[in-house]
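Notebook open. I wanted to look up the pocket and the helix packing here, and jot down what turned up.

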Amino acid sequence: MAENAKFTILSFVGGGIRGLMSVSVLNKLYNKFPHMLDNTDLIAGCSTGSIITSELLAGKSPSDLVTFFTERIGRGEIPFYDKMNTDPKEPAYDILDAYGSQFALHGNKKVKDVDWKKALFVTFNVGGLEVKNSLQTPIPWKPVMYTNMDPELGDVTIAKAATSSGAMPGQLGSYEGNVDGAFFNHDPTVAAIALAVKAGYALEDITAITFGTGYMPDWIASDTRNWGADQWMNGVANPFNNTPPFLMNQAKPSPVLDMCLNGTSTELMPMIGKMLLGERYVNINPTLPFFIPENTTYQPAIDLLQDKGKHADTAHAEVLLEKYWVDHVLGPVRTA
């Protein structure tokens, strides 16, 4: 590796259909910087961001991804979100449908076999039990990174990596014991930075752009001083905090779950990313005027997401693309 080698990262967070906003922002930047994907070293994704990463690895363009979200997922070629199972004791959607679409895209190609781009998919394995010498032995749960930046972490198919990263409990069943990357952290940017440092890149040579899925401010309006387990798990009714349940088919919001999954990702990861990279980091995450469920097919919400992406403030990202992505020399050139 040459001295002062640049290392560029595009990172895509979780959010279901709200990924439409992410790819709309990406498409806006891509139209101005058509070589930005070729000049990106690492694409990182979590949940819907992993699906975006998978599609990009398959050679799809940002405009293809806009079409993917506006036509295929919602109401057209693959009406995935229109087939919701409302039984709270079963997944809302079939995990094998999600896997099937990824297998159709990549077949048995493994993450380690991607030689034109570095990639990262984050997920969480729930562990289990195995039998050793006639004894049941626990397998502890653990966060998992699937990436071709480490040979030991890339021996898995892209289809499995992307499906695992998007397997949100309640929405989908687990895939081979893996659940949504939100339980790793739905923003994979800091993990991507850590991988680059581990690979030998100096922190001052790393630049990252994170694509959010919409900032939706959250809070607990009630006085929590005397809350017990029941209130933290199930919340209490109040007229000022109308946050819907985090998990599909969940009866009511769970404050402690929302804090763990949304609070840490929405606020903490951008804060740490900024601490690590300073002006070489930007998080593009426009504020949404109301909560948009991950599986909505409501046309005004779809239109809003696309409009928010088209009109997002990308000035800081454009400065970074102009400075760090232009004339950036990579390794092997992509072959379709």
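I started with the lining of the largest pocket, whose residues divide into 20 nonpolar, 20 polar and 6 charged. The classes I used: Ala, Val, Leu, Ile, Met, Phe, Trp, Tyr, Cys and Pro are nonpolar, Asp, Glu, Lys and Arg are charged, and the others, Gly among them, are polar. Caveat for myself: this is a predicted model, where local features need pLDDT of at least 70, side-chain atom pairs need pLDDT 80 or more, and totals for chains, interfaces and linings use all residues. Numbering runs from 1 along each chain as its sequence is written, and side-chain values use heavy atoms, with hydrogens and water left out.

I got about 780 Å³ of space for the largest pocket. Of its 46 lining residues, Arg18, Met216, Phe246, Asn262 and Phe291 are the closest to the centre. Helix α9 (residues 255-277) gives the most to the lining, with 5 residues. On a 1 Å grid over the protein atoms alone, with a 1.4 Å probe, a pocket is an open set of points with protein on both sides within 12 Å along at least five of seven lines, and lining residues have an atom within 4 Å of a point. The volume is the space filled by probe spheres set on the points, which are joined across faces, edges and corners.

**Helix pairs**

Helices here are DSSP runs (H or I, at least four residues), numbered from the N terminus. Axes are lines fitted to C-alpha atoms over the stretch in contact, and angles run from 0 to 180 degrees between N-to-C directions.

I checked α1 (residues 19-32) against α2: about 40 degrees, axes 9 Å apart. That makes α1 oblique to α2 (under 35 degrees is roughly parallel, over 145 roughly antiparallel, 65 to 115 roughly perpendicular, the rest oblique). Gly19, Ser22, Val23 and Leu26 of α1 meet Thr48, Ile52 and Leu56 of α2, contact meaning heavy atoms within 4.5 Å.

Next, α2 (residues 48-57) and α4 (residues 95-106) pack at about 20 degrees, axes 10 Å apart. That makes α2 roughly parallel to α4. Ile51, Ser54, Glu55 and Leu57 of α2 make the contact with Gln102, Leu105 and His106 of α4.

Last, I looked at α4 with α5 (residues 158-165): their axes come within 8 Å and cross at roughly 145 degrees. The contact of α4 with α5 has 7 nonpolar, 3 polar and 1 charged residues.

Technical notes. Helices (H or I, at least four residues) and strands (E, at least two) are DSSP runs, numbered from the N terminus.
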